[in-house]
Amino acid sequence: MKKQVICIRWGTKYGPDYVNRLYGMVARNLAPPFDFFCITDDGAGLRPEVRVVPLPELGFTLDGIRHGVWDKSRLWQPKLGDITGPVLFMDLDLVVTGPLDGFFEVGAPEDVILARNPTTPFEKLGQTSLYRFPVGGLVPLWEKFRADPVRIAAEHKFEQRFVTRNAPGGAHFWPRGWVAHFRHHCARTFPLNYFAEPRLPPEARVVIFAGGLNPPDAIAGRWWPHLPVLSRGDHVRAALTAPEHAGSRMRYLRHYIKPTGWVRETWVE
């Protein structure tokens with residue numbers, strides 16, 4: 001199977017440095033030859049190894065949709081530039097921690113293979129932070145979504161649920177352990193979170209950061225990006241004394257993390 005990695009970027013939330021870091025991590029962990037594409041509305045600042053593909057137009061509005069990253073539905077269109085065949089999609093805010101070649105060796109070229117979502121184990125929900133699909137193979141999803149985007153988004157809430165439930169041939173999943181979720185598999189539980197930095201599971205090849213906490217936050221040692229970085233002692237004092245944490249003091253205590261060295265060492269160009 002030809003090794004093709006794609007990512008998508010629009011707007012200003014993630015700068016070109018996110019794309020460049022992702023390429024660097026891929027290049028260190030995927031045996032050549034491979035192609036790396038960024039589907040974007042602005043290719044400025046990207047390293048020369050990244051092949052730029054113009055961001056496809058939606059042709060309809062996403063107004064009225066409150067949850068999910070439904071802009072990623074652009075990937076379900078019949079064509080993505082001149083890319084053909086299976087592609088491995090990677091979110092810009094994940095961290096590559098192990099070999100990636102296996103992601104092109106599992107399953108058949110026509111399969112849709114997703115990361116497992118640990119937040120809903122009984123639903124067997126997939127996670128689209130890292131998934132493989134053949135270009136043009138998700139057109140049935142595209143046609144269904146664009147016909148009534150507000151209803152589809154309201155019914156499924158997140159685009160990953162829509163993909164999981166409607167993938168042609170059914171959704172498949174990566175082998176257990178290959179993809180770790182930082183908040184669920186790496187962050188320490190209370191009170192160990194005050195004494196040990198988040199762990200890297202030994203079998204993890206990719207760590208995804210779905211749910212708000214991103215690599216810069218893990219590196220700095222904070223759970224919420226809008227809050228200042230605090231020492232262990234200051235975090236405890238804030239939890240016990242700050243009026244804004246009244247009624248949620250235990251939740252605030254649980255959400256302390258130490259700076260994560262392995263993310264700092266890995267998430268680089």
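Colleague: On a 1 Å grid over the protein atoms alone, a cavity is a set of points where a 1.4 Å probe fits but cannot get out. How many cavities of 30 Å³ or more are there by this rule?

Modeller: This is a predicted model, in which local features need pLDDT of at least 70 and side-chain atom pairs pLDDT 80 or more, while totals for chains, interfaces and linings use all residues. Residues are numbered from 1 along each chain as its sequence is written, and side-chain values use heavy atoms, without hydrogens and water. With a volume taken as the space filled by probe spheres set on grid points joined across faces, edges and corners, the largest cavity holds about 80 Å³. At 30 Å³ or more, the count is 1 cavity.

Colleague: Which residues lie nearest the centre of the largest cavity?

Modeller: The lining, meaning residues with an atom within 4 Å of a point, has 9 nonpolar (Ala, Val, Leu, Ile, Met, Phe, Trp, Tyr, Cys, Pro), 3 polar (the others, Gly among them) and 1 charged (Asp, Glu, Lys, Arg) residues. Of the 13 residues that line the largest cavity, those nearest its centre are G221, R222, W223, P228 and H235.

Colleague: What is the volume of the largest pocket?

Modeller: A pocket is an open set of points with protein on both sides within 12 Å along at least five of seven lines. The space in the largest pocket comes to about 760 Å³.

Colleague: Which residues are the closest to the centre of the largest pocket?

Modeller: Helices (H or I, at least four residues) and strands (E, at least two) are DSSP runs numbered from the N terminus, and the chain has 9 helices and 10 strands. Of these elements, β1 (4-9), β4 (86-90), β7 (126-134) and α4 (159-166) each give at least two residues to the lining of the largest pocket, which divides into 11 nonpolar, 12 polar and 8 charged residues. Among the 31 lining residues, the closest to the centre are K13, V69, K72, D91 and D93.

Colleague: Which elements give two or more residues to the lining of the second largest pocket?

Modeller: The second largest pocket has a volume of about 370 Å³, and its lining holds 12 nonpolar, 4 polar and 5 charged residues. Of its 21 lining residues, R116, N117, P118, R176 and H185 lie nearest the centre. The elements that supply two or more residues to this lining are β6 (112-116) and β9 (179-181).
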